[in-house]
Amino acid sequence: MHRAELARHLQTSRATITNTITTLLEQGLVEPETLTSDTATGDGKAPLKEKLVLARRAGIIGAAIHQDDSTIVGLGEVDGRVISTRALPCSPDATGPERISTALTALRELLDELPAPHPPLHGLHVAPNTLVNRYTGEVLGGATSTRWSKVNIRDEYEEGLGTAVVLENLARHAAYAQYGALESPLPRNLLHVSLSFGVALGQVLDGRIISGAHGGAGELGHVSIDSNGPICRCSHRGCLFNYAGADNVLEESRIVTGTALSLDEAIDLALAGDDRVVSIFSRAGAAVGMALNPVCNLLDPDLILIGGRLARAGDVILDPLRDALFRSALPLFGRDLRIEPAATLTDQALVHASLRALRLDVDLAAAVLAAHDPATVDAS
């Protein structure tokens, strides 16, 4: 922001802002966004019309995003600007410790690539593809999270990098990333459904992630849609996962075609109009619509985005999903509810979402302030 914008935003005088900015400039914690010969003053200070940003000396923050078949890591400025990213392919069967070890190595390499002396790393946002207590780091998915069992995600990252860690399940991180990619007018209540090897839901309400009391909100895949249905690996019957999970859709597609299809090949057959495979994707979409009906009754969203690996099937899966949901939708939420495919986001956009989410954490903000002037923490 410019100084004048800061004064309006903070509802204080320009003189107060100017004095504060002068001090921060002298300490090297704030710097001009761009400083050219046309805008620089004779003493090298930023002119009043120059936009100001936090300087890298104030520290940096990082991200580690664990997807099904890859891990994305990145570093950014404290104000959320992305510095660098790296994508690390991995097997869907890779264990939690293997994924964390690879991510830690890559993050250390990114830190080493920064000009010396390295700025302090104030915090790390980690989005694992498993059910985890976001406050303790304990994995609590039971039989559904076997690859992440016997590992405390928070402890591993804090010990590995010596910094504060904020955890957020991958599904909710995906919802927040999608929200950040939308143009105005923004939805009041966004739901993002990820249809991949798991089925998960993330909610963003008025720009903030809804995590639940422990970080377990959004386990849509283990909502039962048939009490007499097949037993799920979570030990319950009729879970949506058994009808709309990528593993189940792929296995049924292999059976009807008699070939060892990959998931992408099955999706291509559905898009090409192969009736055998289309019917499987249609049933999966209808099952998701059935599960979302009570969710909409409870949460009243105005936009639902469908993402994940299966979303590439487009209307083959979206049309039956919409039909099943709107068939019994209450007028209050059904009249204006939009159901659309999620956007395809870049690695940088995903890291940027992590950096933005990390900045919402009050404890981290206090830690950043305390690193420079402990006396300001309470007042701030």
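Let's start with a pair of charged side chains: Glu158 and Arg154 meet in a salt bridge, with 3.4 Å from N to O. This is a predicted model, and the values here are computed from it. Both residues belong to helix H4, which covers residues 153–161. Because they sit 4 residues apart in that helix, about one helical turn separates Glu158 from Arg154.

Arg154 has a relative accessibility of 15% and counts as buried, because the cut-off for buried is under 20%.

## A link between helix H8 and a loop

Next, look for Asp268 and Arg312, which form a salt bridge whose closest N and O atoms are 3.1 Å apart. Where do these two residues lie? Asp268 is in helix H8, while Arg312 is in the loop between strand E11 (303–307) and helix H10 (315–326). The pair therefore ties together parts that are 44 residues apart in sequence.

Asp268 is partly exposed, at 41% relative accessibility. Arg312 is partly exposed too, with a relative accessible area of 38%.

## How helix H8 meets helix H9

H8 spans residues 263–271 and H9 spans residues 275–299. Their axes come within 8 Å and cross at roughly 105°. H8 is therefore roughly perpendicular to H9, because angles of 65 to 115 degrees count that way.

Which residues make the contact? From H8 come Ala266, Ile267, Leu269 and Ala270, and from H9 come Val277, Val278 and Phe281. By type, the residues of this contact are 7 nonpolar, with no polar and no charged ones.

How many salt bridges does the whole structure hold? A search finds 17. Among them is the bridge between Asp315 and Arg322, where the closest N and O atoms lie 3.8 Å apart. Asp315 has a relative accessible area of 47%, so this residue is partly exposed.

Key. Residues numbered from 1 in each chain as written. Predicted model: local features only at pLDDT ≥ 70, side-chain atom pairs only at ≥ 80, totals over all residues. Heavy atoms only, no water. Axes fitted to C-alpha atoms, helices over the stretch in contact; angles between N-to-C directions. Parallel < 35°, antiparallel > 145°, perpendicular 65-115°, else oblique. Contact = heavy atoms within 4.5 Å. Nonpolar A, V, L, I, M, F, W, Y, C, P; charged D, E, K, R; others polar. Salt bridge = Lys/Arg side-chain N within 4 Å of Asp/Glu carboxyl O. Buried < 20%, exposed > 50% of the residue type's maximum accessible area, 1.4 Å probe, protein only.
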